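The questions below go through one model, from its overall make-up to single residues. Please look at the sequence and structure first.

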Amino acid sequence: MDDVLLETAGVKRVGRPTNPSMKPVQCQDCSTVNVMGSQFCYRCGRSLTGEGLTKMERMKRDDYENPDELIAFLQEFRKERESKRS
Ligand SMILES: [Zn+2]
């Protein structure tokens, strides 16, 4: 049970060899030092890996290049909120 929780939090990788490059990661935005293996800053939520960008982050970046995608995402988001409310 605890292992599952830790793995979900990205702290522990069960059944995988330890990555020697794993070390505390410092956030580029707020300089918070996160535990090794963290994918996101626990303080500001910024992606620490550069790969695992959240959808929101990608949207911000692509804002002007893909306005259609942004609008579709916002509509989807609003639909989801409305369906939860009812
Ligand atoms: Zn941060």
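Q: What percentage of the 86 residues in the protein is buried?
A: This is a predicted model, in which local features need pLDDT of at least 70 and side-chain atom pairs count only at pLDDT 80 or more, while totals for chains, interfaces and linings use all residues. Residues are numbered from 1 along each chain as its sequence is written. A residue is buried if 20 or more other C-beta atoms, placed from the backbone, lie within 10 Å of its own, exposed if 12 or fewer, and partly exposed in between. Of the 86 residues, the buried share is 3%.

Q: Which element has the lowest mean pLDDT?
A: pLDDT is the predictor's confidence in each residue, from 0 to 100. The protein has a mean of 75, with 56% of its residues at 70 or more. Where pLDDT is low, the predicted coordinates should not be read in detail. Among the elements, β2 has the highest mean (92), and the lowest (64) belongs to helix α2 (residues 55-62).

Q: Why does α3 lie largely in the open?
A: Helix α3 covers residues 67-85 and has 19 residues. From first C-alpha to last it reaches 27 Å, close to the 27 Å expected at 1.5 Å a residue, where the expected span is 1.5 Å times one less than the number of residues. Helix α3 lies largely in the open because the number of its residues that are buried is zero.

Q: Which residues does Val33 touch, not counting those up to four places away in sequence?
A: Val33 lies in strand β2 (residues 33-34). With 13 other C-beta atoms within 10 Å, Val33 is partly exposed. Two residues are in contact if their C-beta atoms, placed from the backbone, lie within 7 Å. Beyond four places in sequence, Val33 touches Pro24 and Gln26.

Q: What is the phi of Ser31?
A: Ser31 is in the loop between β1 (25-26) and β2, and it counts as exposed, with 10 C-beta neighbours inside 10 Å. Most residues other than glycine have a negative phi. Ser31 is not glycine, yet its phi is positive, near 65°.

Key: Helix = DSSP H or I, 4+ residues; strand = E, 2+ residues; numbered from the N terminus.
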